[in-house]
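Subject: Structure handover

Hi,

Here is the structure for you to look over. My notes follow below it.

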Amino acid sequence: MSAKVSVIILNWNGEKLLRRFLPSVVRFLPENAELVVADNGSSDTSKEYIKKDYPQVKLVEFDRNYGFAEGYNKAIAQMTTPYCVLLNSDVEAKSDWVTPLLDFMENHPETGAAQPKILSVENPEKFEYAGACGGFLDKHGYPYCRGRIFDTVEVDNGQYDSPVSVFWASGAALMVRTEVYNRAGGLDKEFFAHMEEIDLCWRIRLLGYDIAVVPQSQVFHLGGGSLPAENPKKTYLNFRNNLLMLHKNSPDNVRRSRLFVRRLLDTVAWAKFIVTLDFKNASAIVGAHRDFAQMRKFYTGHPQKDILTSSPNKPVSILWQYFIRGKKNFNRI
């Protein structure tokens, strides 16, 4: 049976994660899917481990570390299957999760990308922070999920088990039509890390495709392996990339006012860090705005249509809902 899906794990010196999680991914891979490890110039023995223990896994070797976004772009450029899955190396499978996603995509040609339900490896009864059960953006561009708002992660009681349209799908386990991925321009390598999949999904939606979550498919994600939430580098990337995303994907008639409001809200966040004497994270916000001002000039093409406040997003402020009204769960918004 020829493969219809390429499940691609991007690896850089990740032998420890591969040894822990690759066996389950291989075990539950359906016959119509191929497993690909794209290696970003690793210097450990992860490539040797794959060649010796999993010769059936296709190994794509790059000459150096191209980073997350460009690494996936280079890997997907070599794929000939109609569907690709971007799969983090710290994802565990406990059943065939590929087939429900593929069936949904095949039966819904208007869907450009989809994600499974993502639960926590360490707390399987809970959703996992990075994507949970499908993502949304509020009217100011803040991301939140079915099952996770800011740092509040819900227990999975089946409350979000229906497939629905979402605004963005998690890059931890993202199935995408290969042709749509390429037409949308792939992941933006300038983001380096954080929110690059949200930006991609926004561009896929601008092409006229839907994004979905299919909870009948589920995986378990370790998460948090790159940068802890309080790390100033993560603060910098989240603030900078959110500004870039809003700038890139907002039309002329709303972009300036939208960014003005975000600057005000970011100033409040900066002040909070100052009051709590967290000067490193306060400095990270300043650096994010400084670098955004330099990077924005390279993004000159903007869409004519504003889709941020249209369905499936809600024209609400998640900050107001969460911090002022005390609504911590998605189904209460």
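Start with the kink: α1 bends by about 45° at F21, shortly before the proline P23. The bend at a residue is the angle between axes fitted to the seven residues ending there and the seven starting there. Helices (H or I, at least four residues) and strands (E, at least two) are DSSP runs, numbered from the N terminus.

Before the rest, the ground rules. This is a predicted model, with residues numbered from 1 along each chain as its sequence is written. Local features need pLDDT of at least 70, side-chain atom pairs count only at pLDDT 80 or more, totals for chains, interfaces and linings use all residues, and side-chain values use heavy atoms, with hydrogens and water left out.

Helix α1 covers residues 15–27. Its 13 residues should span 18 Å at 1.5 Å a residue, and its end C-alpha atoms are 18 Å apart, which agrees. The expected span is 1.5 Å times one less than the number of residues.

Which residues of α1 are buried? They are E15, L18, F21, L22, S24 and V25. Buried means under 20% relative accessible area, exposed means over 50%, and partly exposed is in between (1.4 Å probe, protein chains only).

Helix α3 spans residues 67–76. Its buried residues are A69, G71, Y72, N73, A75 and I76. They pack against β1, β2, β4 and α5. Contact here means heavy atoms within 4.5 Å.

**Salt bridges**

The count comes to 16 salt bridges. The rule is a side-chain nitrogen of Lys or Arg within 4 Å of a carboxyl oxygen of Asp or Glu.

One of them joins K47 and E61, at 3.6 Å from N to O. This pair links distant parts of the chain: K47 sits in helix α2 and E61 in strand β3 (residues 58–61), 14 residues apart. K47 counts as buried, at 15% relative accessibility. E61 counts as partly exposed, at 43%.

D199 has two partners worth checking. The side chains of R203 and D199 meet at 2.8 Å, N to O. Both lie in helix α6, 4 residues apart, about one turn of the helix. An α-helix has 3.6 residues a turn, so residues three or four places apart point the same way. R203 and D199 are both buried.

K248 also bridges to D199, with the closest N and O atoms 2.8 Å apart. K248 lies in helix α7 (residues 232–249) and D199 in helix α6, so the pair ties together parts that are 49 residues apart in sequence. K248 has 10% relative accessibility and counts as buried. D199 is at 0%. D188, D199, R203 and K248 are linked in a network of salt bridges.

**Y299**

Y299 lies in the loop between α9 and α10. At 15% relative accessibility, Y299 counts as buried. What does Y299 touch, leaving aside its neighbours within four places in sequence? The contacts are D188, E190, F191, L244, H247 and K248. D188 and K248 also belong to the salt-bridge network. Y299 and S42 are 257 residues apart in sequence and 32 Å apart in space, C-alpha to C-alpha.

**Backbone points to check**

Most residues other than glycine have a negative phi, and most peptide bonds are trans. The exceptions below may interest you.

- F192 has a positive phi, near 70°. F192 is in the loop between α5 (178–183) and α6 (196–206). At 53% relative accessibility, F192 counts as exposed.
- H194 has a positive phi of about 80°. H194 is also in the loop between α5 and α6. At 17%, H194 counts as buried.
- S311 and P312 are joined by a cis peptide bond, with omega about 10°. P312 is in the loop between α9 (279–295) and α10.

**Surface patch**

W320, F323 and I324 form a nonpolar patch on the surface, with about 370 Å² of accessible area together. W320 is in helix α10 (residues 318–324). Patches are made of residues with over 30% relative accessible area and no salt bridge: like charges are joined within 9 Å, and nonpolar side chains (Val, Leu, Ile, Met, Phe, Trp, Tyr) within 5 Å. Accessible areas come from the Shrake-Rupley method with a 1.4 Å probe, and for residues only the protein chains shown count as cover.

Best wishes
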